[in-house]
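Please open the structure in your viewer and keep the selection tool at hand.

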Amino acid sequence: MDAYSSDWAAQGQRHIWLPYTQMQTATPPLPVVRTAGSRIELADGRTLIDGVASWWTACHGYNHPHIADAVRCQLDTMPHVMFGGLVHEPALRLASRLATMLGGDLERVFYTDSGSVAVEVAMKMAVQYWLNQGEHGRTRFLAFRGGYHGDTLGTMAVCDPEEGMHARFAGMLIGHDIVALPGDDEAEAALDDYLARHVHELAGILVEPLVQGAGGMLMHDSSVLQRLRRLADRHGLLLIFDEIFTGFGRTGTMFAFQQAGVRPDIVTLSKALTGGTLPLAATVASRRIFEGFLSDDPGHALMHGPTFMGNALACAAANASLDLFEQEPRLAQVAAIEGVLRARLMPLAALPWVADVRVLGAIGVVELRQVDDREALKRRFADAGVWIRPFGRIAYVTPAFTIAPDELAFLLDAMGTVLAAGQP
């Protein structure tokens with residue numbers, strides 16, 4: 001059957017505008033009719049094993065009954081109510097649970113609808129924190145090469161300006177300080193000196209802990225985060241961890257920063273927060289940050305408020321997702337996946353067209369020396385029965401934590417076979 005024989009697919013394809021896609025030349029997208037667990041069923045009757053959990057969100061697999069039941073129940077009660085002057089139980093309960101999970105004094109949760117906006121809010125919080133202290137020049141951020149924090153105007157400005165996807169917008173973006181991560185004592189000393197000269201301009205340091213995701217799945221060890229915490233404390237800067245990709249078990253702990261033994265002043269969360277069911281993000285601030293907004297002056301309030309902030313359906317899904325982390329052995333499943341990824345992907349490093357193989361938690365990355373045709377490579381994966389979406393020079397897998405052993409074996413067999421067949 002032709003994948004576009006269904007009227008909805010044929011008609012809609014003429015009107016849709018897809019993300020990150022040159023619409024003139026791209027292969028038509030694959031119409032999906034059903035999902036279950038780690039499987040995606042296509043309109044043409046094929047079933048693909050999903051290797052990327054829908055951009056890393058579906059950590060419990062698709063259609064988990066506990067999340068589905070929670071959303072149905074909430075829909076019958078209250079799908080949404082504005083969060084300006086009103087609150088509801090799912091949002092308040094979720095805020096309490098997130099604060100408990102994050103620990104320390106990360107205790108104030110501000111909801112948004114997407115990861116990019118959560119980072120925008122974190123940046124806005126940091127700048128206004130200093131403004132509320134009477135410091136008006138601290139409007140820039142220190143961010144890092146290889147980093148990615150979103151596609152909105154504010155977040156584009158703190159992504160890698162050369163290797164990222166936003167270079168064409170350079171002329172309209174606010175300038176920030178983008179430097180290399182401090183991986184050793186010498187680099188830390190150099191960054192210390194740099195901060196001493198520029199701290200009066202900076203509101204904070206923004207970093208993806210342990211894995212820089214969409215910037216290339218670049219990995220660093222926990223000592224980098226310890227160095228950044230020392231530098232932030234020494235120079236009085238706020239430290240922001242962008243855990244949108246790494247949060248909720250992906251790196252082997254519930255949050256990546258837990259592996260470093262340090263804490264941020266602000267952390268951003270999204271993606272797996274609802275188990276891949278509904279849009280929701282959160283910016284969680286420490287007590288110190290929150291108290292910096294308390295004043296008799298109305299102008300000291302955080303003036304931000306998305307229309308669907310704290311959506312009740314999304315919060316119900318997120319609470320159900322947290323239930324599953326408490327009731328089912330998710331971190332043990334991640335550890336098991338990590339072992340399989342290491343065993344199955346590391347031998348691919350011997351291929352002459354492979355530049356690097358790296359694994360952390362439920363993240364497996366094969367970096368290629370070059371990719372001449374990513375669309376063709378994606379089609380080869382689909383023809384092999386798996387959904388893997390390469391970007392840049394990397395092919396990667398970030399499967400659901402609940403993927404069955406035989407499905408994971410099939411996924412990695414297909415990945416290895418396609419990559420071993422020749423230079424992509």
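Begin by selecting Cys59, which counts as buried because its relative accessibility is 0%. The model is a predicted one. A search of the whole structure finds zero disulfides. Cys59 accordingly has no such partner: the nearest cysteine sulfur belongs to Cys315 and is 16 Å away. Select Cys315 next; Cys315 is in no disulfide either, and the nearest cysteine sulfur, that of Cys73, is 15 Å away. With 0% relative accessibility, Cys315 also counts as buried.

Select Tyr111 and display its surroundings: the residues it touches include Phe83, Leu94, Pro306 and Cys315.

The next stop concerns aromatic rings. The whole structure holds eleven aromatic pairs. In one of them, the ring centres of Trp56 and Phe245 are 4.3 Å apart and the planes stand at 50 degrees, so the pair is tilted. Trp56 is in helix α2 (residues 53-56), whereas Phe245 is in the loop between β10 (238-242) and β11 (266-269), 189 residues apart. Both residues, Trp56 and Phe245, are buried. Then select Phe248 and Phe255: their ring centres are 5.4 Å apart and their planes are at 65 degrees, so this pair is edge-to-face.

Finally, select Arg108, which lies over the face of Phe290 at 3.8 Å from the ring centre.

Key. Residues are numbered from 1 along each chain as its sequence is written. This is a predicted model: local features need pLDDT of at least 70, side-chain atom pairs count only at pLDDT 80 or more; totals for chains, interfaces and linings use all residues. Side-chain values use heavy atoms; hydrogens and water are left out. A disulfide is a pair of cysteine sulfur atoms within 2.5 Å. Buried means under 20% relative accessible area, exposed over 50%, partly exposed in between (1.4 Å probe, protein chains only). Contact means heavy atoms within 4.5 Å. Rings of Phe, Tyr and Trp (its six-membered ring) pair if their centres lie within 6.5 Å; planes under 30 degrees apart count as stacked, over 60 as edge-to-face and the rest as tilted. Helices (H or I, at least four residues) and strands (E, at least two) are DSSP runs, numbered from the N terminus. A charge sits over a ring if NZ of Lys or CZ of Arg is within 6 Å of the ring centre and within 35 degrees of the ring normal. Lists of a residue's contacts leave out its neighbours within four places in sequence.
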